[in-house]
Amino acid sequence: MKKSCYIRPFYFIGEYGINLHVTKKAPTHLSVFMFPFGDLFNKNGITAGISSWRKFSDASTPTQAKMGGNYLNSIIATQEAKRKRFDEAILLDMSENVSEAPGENIFIIKNKHIITPPISSSALKGITRDSILKYSKDLGLKASIKNIKKNQLLSADEVFLSGTAAEITPIIKINNKKVGNGKVGDITKLLMSSYTDIVMNKNKKYSHWLTKVY
C-alpha cells in the first residue's frame, strides 16, 4: 500500500479454556491489519468535554499496557462525549488532575509554555508525545511535564491532542468554553507544520525516526 495508511498489530491468547491463570504455555497469536487512513479529526480544531469518568490508575491495571480491556474506559468516555455532542472526551485521573483523551495524549500551552501531564497521572507515555517534547525544544519552545489542574486546562491559551492516528489535533472548545480565541493557536500551528515536515522526511535531522517501507 503506497499511500497513507494505518497499521495495527494484535497479540492475543488462543484456545486456553476459561481459566484466568494465563501462563507462558498459553498459545499466543499475532494478527496485523492495514487500511487506508486520512485525518482522524478535523485539523481546524475540535470540541471536547471533560468526562465524568476517571482514567483508571496503576493500582487497578497497568496504564502503560495497550491491552484491549483497557480500552473499555476509553469507549465509555467517548460514548458520553458523543452523547453531549462533543468530538472527543478529556479524562481526569483519580486525583482530578488532567490525564489524557480516550486515545490521545493532551498538551496545554500557557504563556508560550507547553505542558503535558506526567505518566503518574495515568497518561500513556506516547511516542508522538515524546517526539513533540523533543522537537519543540529545537523550535526554541519551552516544554515541561507537569500535573495539570482542571482550571489550568480551562484557562489555557491553546490545547491540543497527540497520537499516532490523531497526529496533532487542536482543541478549540472545552465544555462549550472557547480555548483562547476559539481558533487554532500560533504555537499549535507551528508544532503541526513541524510534525508534518518530520513525518514526510522533509526535516533530515529527524530522518532516523522514520522507517522506509518501500
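Phenylalanine 35 is partly exposed, at a relative accessible area of 29% (buried is under 20%, exposed over 50%, partly exposed in between, with a 1.4 Å probe and protein chains only). The model is predicted, so local features need pLDDT of at least 70 and side-chain atom pairs count only at pLDDT 80 or more, while totals for chains, interfaces and linings use all residues. Residues are numbered from 1 along each chain as its sequence is written, and side-chain values use heavy atoms, leaving out hydrogens and water.

**Aromatic rings**
- The structure holds seven aromatic pairs (ring centres of Phe, Tyr or the six-membered ring of Trp within 6.5 Å; planes under 30 degrees apart are stacked, over 60 edge-to-face, the rest tilted).
- Phenylalanine 33 and phenylalanine 35 are stacked, at 5.7 Å centre to centre and 20 degrees between the planes.
- Phenylalanine 35 and phenylalanine 37 have ring centres 6.0 Å apart and planes at 70 degrees, so this pair is edge-to-face.
- Phenylalanine 33 is partly exposed at 37%, and phenylalanine 37 is partly exposed at 22%.
- Tyr6, Phe10, Phe33, Phe35 and Phe37 are linked into a cluster by ring pairs.

**Serine 162**
- Serine 162 is buried, with a relative accessible area of 1%.
- Contacts of serine 162 (heavy atoms within 4.5 Å), not counting residues up to four places away in sequence, are Glu104, Asn105, Phe107, Thr128, Arg129, Ile132 and Glu167.

**Positive phi in residues other than glycine**
- Glutamate 96 has phi near 70 degrees and is partly exposed at 46%.
- Asparagine 201 has phi near 60 degrees and is partly exposed at 28%.
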